[in-house]
Structure formats: structure tokens, C-alpha cells
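Reader: Could you walk me through this structure, one question at a time?
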Amino acid sequence: MNETQLKELLTRADQALWTDSPADSAALIHHVQQRVAIHKRRRAELLAGGTLVLLLAACLVGYTQFNRYQEKKQVVLQAEVQNELTALKAETEQTLALIKSVNQRSRQRKQLTALQRRLASLTAERNDADMQDEQLAGKLYFKAQTLSKQTDSCNTVKSLYQQIIQTFPNSSYTPEAKEELAQLDCSNGIHL
Amino acid sequence: MTEIAGPTCSQAEVGPAESSLAGAFRRGDAGAFEQIVKLYGKQVHTLAGRLLAWSDEAEDVVQDVLAAALAGRKKFRGQSSLKTWLYAITVNACRSRQNREKLWRRFFNKQTTAKHRRPDSGKPDFEPVRKAVAALPVKYRQVIVLKYLNECQTKEIMEILKISESTLNTRLSRGRQILKESLKDWTETHE
């Protein structure tokens, strides 16, 4: 079968197989216009749907980003608060240490004042006691001097001088009492 | 307006009448569209029917083609004739439909509901010829239909299918070969 025969065969088949005629132009235009209208409506619906989906996606993304931003902000704020708390704690500790030191010094000062007062009091007491000792030593010494003029009171005078030396060793009469006791000789009467 | 009728590729040149019609159509003139439907509706229908192996789905394809042309009228630059442009849309629409059917058959293992016209009783039965054409791969069927049934020129087929001349010749040769082999028994009995 050559090319011409093939063409002839196909043409005959085409003529035989076409039995129906196409729809008239008016009906075709009507169908096409309907189809275009449907297409437009579908496209508009798709556009609206797509816009809605995009808006929803944008809202979702925005919400997610906002949440992330809030979380980040919260983390930063927490860190700042933590830093401030740490600094405040350190300052508080320093202040407490200072207050403690001040309190300790104040207590020490009070104790010192009390000790100074006590010392002053003791010193005064000591001075009074010394004065009394001096007076008693003086009385004993003058009594011994008075008795030494009597011949039978040698042992008494000796005991008085010994009492002055033993009882009031720091008085101003003690050296004299020691000197008098050294010169006293009760075997030959009272030494003048 | 010039009356263009018949199922062939004749009068493919762009004349002044067609240029003004194309311009009006591009601007969205409803009258121009009606004129185009009147001029080319039957030709598009014939080409679609032949590309779909004389299936009654041709009318549906014509509506698809004209709707696509109406929607994409601004894309028509006037570099080719209106008919060539409409033929190109028709070829693409038929190819898309055939690909869809192929996928449908592959995944669902079902035959399509397309009906084919039966010749009147008393006439020779060309059903084997129809089956042979239908069995041709789409790229061979396109060139065979355009060349032998629509009698398009080589240049015009190249424009419609956007292929080179060598590709066109190769496809024609291969398509003819396949058809001859398919129709060998039938031609022997009818000679």
C-alpha cells in the first residue's frame, strides 16, 4: 500500500465514520459561554479559597512568630530579672556584712566603755583602799611610836611594826616600820 | 466576512479580513467570537473527531478548545493564522484528553465511556481502520491526521505541533509504517 492508497483509504474511512454533524454555532457559542462562566466562577472560587488559605497561613505564621517573640522576650526579661536579683543579693549581703561590722564595733565600743568605767571604778576603789591602808598603817605606826616610850610594851610595839610590814607592805610607813623594827631590842628595854 | 468551511487545512494564510477579525477577537468583541465559531467551529470539531479516532467526545473537546481560546485570546499575537492557532489548541486539548484516559486506564484498569460512530449498514465496515488509527501513538496519529485527512501543508503542521521538518518526516514515515502493518490483512480482503 503506497502513500496515495493510504490517503484514499483514510479519506474513505473518514467519510464513512462521520455520521453526525456538529452542533450548530449558536448552541456551541452558548455552551462555550457557559463553560467560560463556570471556569471564571471556579477560578474566582479558587482565588478566594487560595486567598483565605494564604490569610490563614499568614495568621498562623504571625501567631507562631508572635509566640516566639514573646517567649524570647520572656527569656530576656527572666535573664534581666535574674541578673538584677543576683546584684541585689550581692548588695544585700554587703549591707548585712556592713551592718554586722557596725554592730560588732558598737558592741565592742560599749564593752570598752563599760570596761573603762569598771577600770575607773576599780581604780577609785583601789585608791580608797590604799588611802585607808595608809591611814591604818599611819595609826598603827603612831600607836607603836607612842607605846615605844613605855618600857614594858616592847613586844607589843614589835608586833605592831610586824603587823604594819605584813599587812600594809606598800604603805609609806612600811620602810620606817622596818627600820624601827631592826633597831628595836626588847632585851634591854626600849631603844630610843 | 470570508466563509471558511470544510475539514481541510486550506486558506491558512493570514489575510486582512482575518487580521481585523483577530484584532476584534483579541479586544474581546463578542461578535468576533461568534464569527470565529461560525468559521472554524466545524473545522475544529472535525480535527478533534479525527484525532480522537472519530469519538463522540469531539464535541466536548470543541467546547474546551473554544473556551480556552476565549480565555486566552490575549495570548494570540497574530504570528500565525487564527486557524493554525485554534488547531494547535485542539491538538493540545486532544493530547491532554488522551493522556488523561491513558492514566485512567493504567490506574483504574477501566475503559473509557467514549462511543464511536458505526457506519450505516450496507457500507464497508471501516472499524478496523478506525481501530488502527486509534491504536497509533498520539504523536504519529497527529501527523497522519493533519497530513492525510486535513491536508495541511508541512509548514503548517510544523507550526501546529511545534516540531522540526525532520521530526515531522520521521513521524510520518513511522506512522505510515505502523498503519500499513495494522491494515495489511484488511487491505488484502478488500482489494
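The questions below go from the interface to single residues and then to one chain.

Author: Happy to! This is a predicted model, in which local features need pLDDT of at least 70 and side-chain atom pairs count only at pLDDT 80 or more, while totals for chains, interfaces and linings use all residues. Residues are numbered from 1 along each chain as its sequence is written, chains are lettered from A and ligands numbered from 1 in the order in which they are written, and side-chain values use heavy atoms, with hydrogens and water left out.

Reader: How much area is buried between chain B and chain A?
Author: Contact means heavy atoms within 4.5 Å, and here chain B contributes 37 residues and chain A 25 residues. Buried area is the accessible area (1.4 Å probe) that two parts lose on being put together, summed over both. Carbon and sulfur atoms give 75% of a total of about 3,100 Å².

Reader: Which side chain meets Asp14(A) in a salt bridge?
Author: A salt bridge is a side-chain nitrogen of Lys or Arg within 4 Å of a carboxyl oxygen of Asp or Glu. Between chain B and chain A the count is five. At 2.5 Å, N to O, the partner of Asp14(A) is Arg50(B).

Reader: Which helix of chain B gives the most to the side that touches chain A?
Author: Helices (H or I, at least four residues) and strands (E, at least two) are DSSP runs, numbered from the N terminus. Elements giving two or more residues to this side include helix 3 (58-71) and helix 8 (165-182) of chain B. With 10 residues, the one that gives the most is helix 2 of chain B.

Reader: Is Thr46(B) buried or exposed?
Author: Thr46(B) sits in helix 2 of chain B, and a polar atom of its side chain lies 2.7 Å from the backbone oxygen of Lys42(B). Buried means under 20% relative accessible area, exposed over 50%, partly exposed in between (1.4 Å probe, protein chains only). Because its relative accessibility is 8%, Thr46(B) counts as buried.

Reader: And is Phe107(B) buried or exposed?
Author: Phe107(B) lies in helix 4 (residues 82-108) of chain B. Since its relative accessible area is 61%, Phe107(B) is exposed.

Reader: How many helices does chain A have?
Author: Read along the sequence, chain A follows the pattern α-α-α-α. Of its 192 residues, 17% count as buried. The secondary structure of chain A has zero strands, and its helices come to four.

Notes:
Polar contact = N/O pair within 3.5 Å; in protein donor to acceptor, adjacent residues only side chain to side chain.
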